[in-house]
Amino acid sequence: MRIAMTGVSGNMGTEVLKQTFELPNIELIRIILSDKRRNISLAKKLKKQYAEKIDIIFGSIDNQDLCDKLVTNVDYVIHMAAVIPPLSDNYPEKSFISNRLGTVAIVNAIKKQVPQPKFIHISTIAIYGHRDEKHPWGRVGDPLLVSPFDFYAKDKLYGERYVLEANLDDWLILRQTAMLHPKMFSDNVSDGLLFHTSLNAPLEWSTSRDSGLLIKEILKNDKENKVPQIWKQIYNIAGGYDSRYTGYDVLNVGFETIGGNVEKFFKPNYFPTRNFHGIWIADSEILNELFHYQHDKFVDYWHEIAKAHPILKLGKIVPKCLLDLFLFNRLRNHKNSPVNWIKHNKTAKVQAYFNGKEEAVNLPKKWNGVKLLVKNDFGNFDELRKIENATLLSHGYDESKALAELTLDDLQKAAEFRGGKCLAEAMPENEYIKIKWQCSEGHIFESSVFTILKGGHWCPECTMPESPVRWDFNKLAKKSPFYAQLWYDTHSKDENIIYYIDDNGKTQMKEEKV
């Protein structure tokens, strides 16, 4: 088996490379690394460990010639390279290069190969956007409502759609959920990202180890031709019942390792009320039933991470005031923290995350004034996070039918639910053939039935707008029940805000009534 991989220096990629090499039939794994100093050191380590079985290319993921070389004469391509928050927040140009241009270059390289290698693309649940206690459950086919100013999700959305529409022979899209990994602590003590979490945001975790096992099992089973049904499909990677939490209790579990809890160190008004990303995954059992990869439990793995960082024990003896002074106060006032945005009148971000400064400054400053999902303020928490009790969003068509069984009338109803029309005059031969659609704004575009109905994508000019980059889901929700059923969980129907990035790269907003 010959495999090409991107992103092996990342948290998921490290595990995928390690566990893939455990397979008995690996002839070669070719990887691409940026020429950072730490990657040069990593390359020396990998060469020493795997010798002639690893081939290393140095360069940028958006370099077409290098991507062509990367995928030449391989059986599989596993694309994990990504620039994630907080790096994508602070350097959106890096997100654009990796998450968007890199994916385009990899896909274009695969299309040149004869025969084409099978392609596994790692997408993200961030493209689903914000959820709270009203609709915590998500699944493949749900509306993709990228949160305003989330550059990572915006670029990943574009990359995923490019894969879907590229007409590759065999592809698989895996939307990775929130991931626990050994660097969790170090990655969260340098930036205000820690405070982006909405307290009632549903989060379902997987671990980097389980995600690595999943890829290993996919390769193993596909080589034995046991899972032909996985190709040309989208799945959500998830951890299952024992990995479903909320923003509040995820913070609590972390604080337990240093002898405290979130209420001891933070106030509730440090955290935004909307514009995060996270879901509990209602279709998580599909992938697990195929590959049995869900092994790690959230709490157990978190304690395992803490055990590997003995310095955290100091938190149990260091006074709270010192931890706050030298660590949490710095993070709270970081330029990427909501507290900083409010203090320095970052109007567009405050509007996006809090529905304006007035609501932000009037949030409860004491925990007894906050309703929390985990404290059963919205029903029994343990019961709510069971799949059998999930309340699902509508997709606007008869989902008891397979996509191949749908009629033109079904497509019309699905398009109307999205505020538009299906312009096809006849049913396509299969769900992967592009047909014409029209959105509520009159834009005509071509996409496959699979991309729209199963992928959850819609008009690219409305959902991935550029020149300038902007988010205008208020307009979409007013004309589309598909978007309205989720958008109005955290937005009022009289909001008319467009969020955008100006020519200087600054976050902006304007009101434009529909």
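Biologist: Why are H9 and H12 called oblique to each other?

Modeller: The axes of helix H9 (residues 247-256) and helix H12 (residues 298-307) cross at roughly 40° and come within 10 Å. Angles under 35 degrees count as roughly parallel, over 145 as roughly antiparallel, 65 to 115 as roughly perpendicular and the rest as oblique, so H9 and H12 are oblique. The model is predicted: local features need pLDDT of at least 70, side-chain atom pairs count only at pLDDT 80 or more, and totals for chains, interfaces and linings use all residues. Residues are numbered from 1 along each chain as its sequence is written, and side-chain values use heavy atoms, without hydrogens and water.

Biologist: Which residues of H9 and H12 meet?

Modeller: Val 250, Val 253, Gly 254 and Glu 256 of H9 meet Phe 298, Val 299, Trp 302 and His 303 of H12. Contact here means heavy atoms within 4.5 Å.

Biologist: What makes Arg 332 count as buried?

Modeller: Its relative accessibility is 8%, and buried means under 20% relative accessible area (exposed is over 50%, partly exposed in between, with a 1.4 Å probe and protein chains only). Arg 332 therefore counts as buried. Arg 332 lies in helix H13 (residues 320-332). Leaving aside neighbours within four places in sequence, Arg 332 is in contact with Phe 195, Tyr 270, Asp 324, Ser 337, Val 339 and Asn 340.

Biologist: How do you know that Leu 213 is buried?

Modeller: Leu 213 has 15% relative accessibility, so it counts as buried. Leu 213 is in helix H8 (residues 208-223). Not counting residues up to four places away in sequence, Leu 213 touches Gln 19, His 292, Tyr 293 and His 295. Leu 213 and Gln 19 are 194 residues apart along the chain, yet their C-alpha atoms are separated by 6.6 Å.

Biologist: Why is helix H1 said to be largely enclosed by the rest of the structure?

Modeller: In H1 (residues 11-20), 8 of the 10 residues are buried, so the helix is largely enclosed. Gln 19 is one of those buried residues, and Met 12, Val 16 and Leu 17 are also among them.

Biologist: What makes E16 and E18 edge strands?

Modeller: The open sheet of 3 strands has the order E16-E17-E18, with antiparallel pairing. Strand E16 (470-471) and strand E18 (507-511) each have a single partner strand, so one side of each is left without a neighbour in the sheet. Helix H15 (residues 347-354) packs on this sheet, touching E17 and E18, and its direction makes about 70° with that of E18.

Terms used. Helices (H or I, at least four residues) and strands (E, at least two) are DSSP runs, numbered from the N terminus. Two strands pair if DSSP finds at least two bridges between them. Axes are lines fitted to C-alpha atoms, for helices over the stretch in contact, and angles run from 0 to 180 degrees between N-to-C directions.
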